[in-house]
Amino acid sequence: MSLFNWVSLGFFLYLLSPILSLNGSSDIPSRFLNYAKKEELFDWMVGVRRKIHENPELGFEEFETSKLVRAELDKIGVKYKHPLSVTGVVGFIGSGKPPFVALRADMDALTMQEMVEWEYKSKVPGKMHACGHDSHVAMLLGAAKILQDHREELKGTVVLIFQPAEEGGGGAKKMIDEGALENVNAIFGLHVANKLPIGEVASRHGPLLAGSGFFEAVISGKGGHAAIPQHSIDPILAASNVIVSLQHLVSREADPLDSQVVTVAKFQGGGAFNVIPDAVTIGGTFRAFLKESFMQLKQRIEEVVTGQAAVQRCKAVINFLEIEKPFFPPTINDKYLHDYFRIVASDMLGIDKVKDMQPLMGSEDFAFYQEMIPGYFFFIGMQNETHKQLQSPHSPYFEINEDVLPYGAALHASLAARYLLEFQPEVTLPEENDHDEL
């Protein structure tokens, strides 16, 4: 960490020191972590996570997962609202009064066949929790248990958001539209990280993850026999030129210091070796950190697809799938919440375990919450360096090191509990009339 960052953090700690001393909140992270590591609570979180893992459900179809969440909240006495956004659940712990701070977990799985052979492998063919959302739910339920057991310490209200359809469905936006952030002042979210060691966290202030969108284009020509191409209008050739030209949008039109991505990951056309098809479908994703750059990419993708198709005598229709897969804004962490996060995480893990990271071109619909209120998103490590290297998210070989569960639960709970203590609403005192009466 640079000297400037150390000085900034020290100054922030100095400003907060009277509050920390007054509220006695500096021991909350260590107490909550010890509580989360108790065998009974740890085994409970593991059991919840494995139940969800065995029964993965796709976006807006998380009916059994939602039912499990509500059953566990009922057992620990937490009130909630349901349904929001089809399967979403919003729980409440604390006084029911300001301030309000939210914690979020996503619930959906991926369309992927699990290749990991273990006792709790997915029982649903073609579906898998390959991004760790099963562990996110278990950790937030663990945090709910910790907070409920320490509810007399809460000086406000913690809002628990169990959200559907993060994987492209924009579930966060729909949760917001249905009132999930009502009265909420700030929100925190996390994601497991396969390459970060267990007991470490990483994030940054400002842009963390890119904004993202998807596109699909149908390029139509005229089919015919491959031996007489002059009688056809070849959409495969047109699509190939489109794909090459799209790569120039980043390499020749974007500022090298303004990170952007255009990837074509889908190409479907033809079913025979000797037949030119009538049409080809291509599709992909585009990413950027700046809204202006994102919208420029969108415009240029449409122009390149239609223009290059026309050069090859084809027609193209492009769809940006904004209803099925809403555009995700960039994930931008609030500066003050970043400073606050570093303090809480340092008290729990040690300052050497709290890492700054570079931005990533991945995306997260947590960004929708951050467009509405201050929010903070971070990564939590689960790699045990004495074991094999864990595979990346969205791999059929993805696994969770369940030792991460107490850390995630305790961090969630600590961030919420201390926020309520340290960010109490200001009370305006009536002005005194101190002049002499005539």
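## A helix with two sides

Let's start with helix 8. On the face turned away from its buried side, this helix carries the exposed residues Glu292 and Val311. Keep in mind that the model you're looking at is a predicted one.

The buried residues of helix 8 are Ser293, Phe294, Leu297, Lys298, Ile301, Val304, Val305 and Ala309. Looking down the helix axis, you'd find these buried residues within an arc of 145°, so they line one face of the helix. And what do the buried residues of helix 8 pack against? Their partners are strand 8 (211-220), helix 7 (235-251), strand 10 (260-268), strand 12 (279-288) and strand 13 (315-319).

Just past the end of helix 8 sits Arg313, with a positive phi of about 65°.

## The annotated stretch around it

UniProt, in an unreviewed entry, places the feature "domain: Peptidase M20 dimerisation" at residues 211-306. Over those residues the chain is 34% helix and 34% strand.

An unreviewed UniProt entry has the annotation "binding site" covering Cys131, His133, Glu167, His191 and His394. These residues span 264 residues in sequence, yet no two of their C-alpha atoms are more than 13.1 Å apart, so they gather at one spot. From this set, Cys131, Glu167, His191 and His394 are part of the lining of the largest pocket.

Is His133 buried or exposed? With a relative accessibility of 0%, His133 counts as buried. You'll find His133 in helix 5. Not counting residues up to four places away in sequence, His133 touches Asp106, Met107, Asp108, Glu166, Glu167 and His191. With one of these, Glu167, there is a polar contact from side chain to side chain, at 3.4 Å.

Glu167 itself sits in the loop between strand 4 (157-163) and helix 6 (171-177). Its relative accessibility is 24%, and the buried label needs a value under 20%, so Glu167 counts as partly exposed. Setting aside neighbours within four places in sequence, Glu167 is in contact with Asp108, Ala109, Leu110, Cys131, His133 and His394.

His394 also comes from a loop, this one between strand 16 (375-383) and helix 11 (404-422). His394 is partly exposed, with a relative accessible area of 40%. Leaving out neighbours within four places in sequence, the contacts of His394 are Leu110, Met112, Ala130, Cys131 and Glu167.

## Helices packed on helices

Over to another set of helices. Helix 3 (residues 39-54) has 16 residues and reaches 22 Å from first C-alpha to last, close to the 22 Å expected at 1.5 Å a residue. Its buried residues are Leu41, Met45, Val46, Val48, Arg49, Ile52, His53 and Glu54. What covers the buried residues of helix 3? The cover includes helix 2 (28-36), helix 4 (63-76), helix 5 (133-149) and helix 11.

Helix 11 is mostly covered: 19 of its 19 residues are buried. From its first C-alpha to its last, helix 11 reaches 27 Å, close to the 27 Å expected at 1.5 Å a residue.

At 1% relative accessibility, Phe32 counts as buried. Beyond residues up to four places away in sequence, Phe32 touches Ile146, Leu147, His150, Ala410, Ala413, Ser414 and Ala417. By contrast, Phe32 and Asp177 are 33 Å apart in space, C-alpha to C-alpha, and 145 residues apart in sequence.

## Zooming out

Now for the whole protein. It has 11 helices and 16 strands, and its C-alpha trace spans about 95 × 70 × 45 Å along the principal axes. Of the 438 residues in the protein, 52% are buried.

One last number ties in with all that packing. Take the contacts between residues at least 6 apart in sequence: 81% of them join residues at least 24 apart.

Methods:
Residues are numbered from 1 along each chain as its sequence is written. This is a predicted model: local features need pLDDT of at least 70, side-chain atom pairs count only at pLDDT 80 or more; totals for chains, interfaces and linings use all residues. Side-chain values use heavy atoms; hydrogens and water are left out. UniProt positions are given in the numbering used here, feature names are shortened, and annotations may be inferred rather than shown by experiment. On a 1 Å grid over the protein atoms alone, a cavity is a set of points where a 1.4 Å probe fits but cannot get out, and a pocket is an open set with protein on both sides within 12 Å along at least five of seven lines; lining residues have an atom within 4 Å of a point. Helices (H or I, at least four residues) and strands (E, at least two) are DSSP runs, numbered from the N terminus. Buried means under 20% relative accessible area, exposed over 50%, partly exposed in between (1.4 Å probe, protein chains only). Contact means heavy atoms within 4.5 Å. The arc is that of the directions from the helix axis to the C-beta atoms. The expected span of a helix is 1.5 Å times one less than its number of residues. A polar contact is a pair of N or O atoms within 3.5 Å; within protein, one must be able to donate a hydrogen and the other to accept it, and residues adjacent in sequence count only if both atoms are side-chain atoms.
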